[in-house]
Amino acid sequence: MPEPAATLASVRVDRPADGVVVLHVSGELDTSSADELTRPLTEHLVENVRGVVVDLGGVRFLGSAGLESLVVGSQRASGLGVPLVLVATSRATQRPIEATGLSSVFTVVGSVEEALSRF
């Protein structure tokens with residue numbers, strides 16, 4: 001039987017251009033599943049990457065642990081000089097980002113295409 005986190009959240013990785021990574025996140029990002037995002041963020045935020053996009057389009061719930069994963073990823077990206085752009089279009093993702101004031105910390109756009117145009 002799979003671990004509960006495996007059924008709550010998942011991340012699919014795309015590389016649409018050299019040095020660019022898109023993490024397509026789906027499901028629920030809460031205490032039991034936030035590591036599903038933390039691991040790929042850590043793995044793909046490295047010096048030779050030109051940019052990382054976190055597509056939250058498939059996220060149904062974004063809890064504090066999910067937000068923490070994004071903040072830690074943002075701090076890592078900043079330290080490496082790698083742009084990190086979030087795609088958040090649903091109420092489930094926009095509301096927690098705005099309510100916590102993190103909209104001033106993250107670069108948030110409306111589509112993966114818009115995010116990719118920044119690199």
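**Stop 1: Ser 74**

Select Ser 74. Ser 74 is buried, with a relative accessible area of 16%; buried means under 20%, exposed over 50% and partly exposed in between, with a 1.4 Å probe and protein chains only. This is a predicted model, in which local features need pLDDT of at least 70 and side-chain atom pairs count only at pLDDT 80 or more, while totals for chains, interfaces and linings use all residues. Residues are numbered from 1 along each chain as its sequence is written, and side-chain values use heavy atoms, with hydrogens and water left out.

Ser 74 sits in helix α3. Helices (H or I, at least four residues) and strands (E, at least two) are DSSP runs, numbered from the N terminus. Now show what surrounds the residue. Neighbours within four places in sequence aside, Ser 74 is in contact with Leu 84, Val 105 and Phe 106. Contact means heavy atoms within 4.5 Å.

**Stop 2: Ala 65**

Stay in helix α3 and select Ala 65. Is Ala 65 buried or exposed? Ala 65 is buried, with a relative accessible area of 15%. Then draw a distance from Ala 65 to Asp 35. These two are 30 residues apart along the chain, and their C-alpha atoms are separated by 8.8 Å.

**Stop 3: Gly 19**

Go to the loop between β1 (9–17) and β2, where Gly 19 is found. Gly 19 is buried too, with a relative accessible area of 18%. Which residues does Gly 19 contact, leaving aside its neighbours within four places in sequence? They are Asn 48, Val 49, Arg 50 and Gly 51. C-alpha to C-alpha, Gly 19 and Arg 50 are 4.9 Å apart in space, though 31 residues apart in sequence.

**Stop 4: the cores**

Select Leu 29, Val 52, Val 54, Leu 56, Leu 70 and Ile 97. These have the most contacts inside the largest nonpolar core, which has 24 residues. Such a core is a set of buried Ala, Val, Leu, Ile, Met, Phe, Trp, Tyr and Cys residues joined through side-chain atoms within 4.5 Å. Colour the elements that build it. At least two core residues come from each of β2 (20–29), α2 (35–44), β3 (51–62), α3 (64–80) and β4 (84–87). β3 gives the largest share, five residues.

Zoom in on Leu 29. Not counting residues up to four places away in sequence, Leu 29 touches Ala 9, Ala 34, Leu 37, Leu 56, Val 59, Phe 61, Leu 62, Gly 63 and Gly 66. In soluble globular proteins, nonpolar side chains tend to be buried together.

**Stop 5: the whole chain**

Zoom out and switch to cartoon. The protein has five helices and five strands. From the N terminus, trace α-β-β-α-β-α-β-α-β-α. The C-alpha atoms fill a box of roughly 35 × 35 × 25 Å, taken along the principal axes.

Of the 119 residues, 43% count as buried. Among contacts between residues at least 6 apart in sequence, 68% join residues at least 24 apart.
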